[in-house]
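Q: I've got a new model open. Can you walk me through it?
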Amino acid sequence: MGLKSFFKKEKKSNENNESKQTHIFIDNDNCIGEDCQKCIMACPNKVFDFQDNLICPNNAWACKTCHICESICPNDCIKLN
Ligand code: SF4
Ligand code: SF4
C-alpha cells in the first residue's frame, strides 16, 4: 500500500493568516499491524484505528501533535509534519 498521508487539520498562523496543513504519514508496507497496535494503545487522543486491516488515523482531527506515536512505533512507520 506504500506511504499514505492523512489530513489532520488546518492551522492558521496568527501573524499572516496563512493556512498550513498538518499530515500524519503511515508507511503501511512496514507496519506490523494487528500484532503490534502500539500506536493505537499509546495515542492519548484515540486517533488510530484499523480500516481494512491497515492502521489508519481515522480521528486525525483529534491529534495534538504530541509525537508519542512516532516515538513508539518499532518500525518507524509514522511521521508527522
Ligand atoms: S501525535 Fe500524539 S495525538 Fe497525534 S496521533 Fe500521534 S500519539 Fe496521537
Ligand atoms: S506502532 Fe507502527 S508498526 Fe505498530 S501498528 Fe502502529 S504503525 Fe504499525
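What follows is a quick chat about this model.

A: Ground rules first. This is a predicted model, where local features need pLDDT of at least 70, side-chain atom pairs count only at pLDDT 80 or more, and totals for chains, interfaces and linings use all residues. Residues are numbered from 1 along each chain as its sequence is written, and chains are lettered from A and ligands numbered from 1 in the order in which they are written.

Q: What is the mean pLDDT of the protein?
A: The mean is 83, and 73% of residues reach 70 or more. pLDDT is the predictor's confidence in each residue, from 0 to 100.

Q: Where does pLDDT stay under 50?
A: Over residues 11–19. The model has seven contacts beyond four places in sequence for that stretch. A contact means two C-beta atoms, placed from the backbone, within 7 Å.

Q: How many helices and strands are there?
A: Two helices and five strands. The order along the sequence is β-β-α-β-β-α-β. These are DSSP runs, numbered from the N terminus: helices are H or I with at least four residues, strands are E with at least two.

Q: On to the ligands. Which residues come nearest to ligand 2?
A: Cys31, Cys36, Lys38, Cys39 and Cys73, out of 14 residues around ligand 2. A residue is near a molecule or strand if its C-beta atom, placed from the backbone, lies within 6 Å of it.

Q: What about ligand 1, which are closest there?
A: Cys43, Val47, Cys63, Cys66 and Cys69 are the closest of 14 residues.

Q: How do the shells divide by class?
A: The shell around ligand 2 has 10 nonpolar, three polar and one charged. The shell around ligand 1 also has 10 nonpolar, three polar and one charged. Ala, Val, Leu, Ile, Met, Phe, Trp, Tyr, Cys and Pro count as nonpolar, Asp, Glu, Lys and Arg as charged, and the others, Gly among them, as polar.

Q: Back to Cys43. Is Cys43 buried or exposed, and why?
A: Cys43 is buried because 21 other C-beta atoms lie within 10 Å. The cut-offs: buried is 20 or more other C-beta atoms within 10 Å, exposed is 12 or fewer, partly exposed is in between, with C-beta atoms placed from the backbone. Buried residues make up 17% of the 81 residues.

Q: Where is Cys43, and what is it in contact with?
A: Cys43 is in the loop between α1 and β3 (49–51). Beyond four places in sequence, Cys43 contacts Phe48, Ile68 and Cys69.

Q: How many residues make up the largest nonpolar core?
A: 12, including Cys43, Val47, Phe48 and Ile55. Such a core is a set of buried Ala, Val, Leu, Ile, Met, Phe, Trp, Tyr and Cys residues joined through C-beta atoms within 7 Å.

Q: What does Ile55 touch?
A: Leaving out residues up to four places away, Ile26, Cys31, Gly33, Cys39, Phe48 and Phe50.

Q: Where are Gln37 and Asp52?
A: Gln37 is in the loop between β2 (19–27) and α1. Asp52 is in the loop between β3 and β4 (54–56). Asp52 counts as exposed because it has 6 C-beta neighbours inside 10 Å, whereas Gln37 is partly exposed, with 13.
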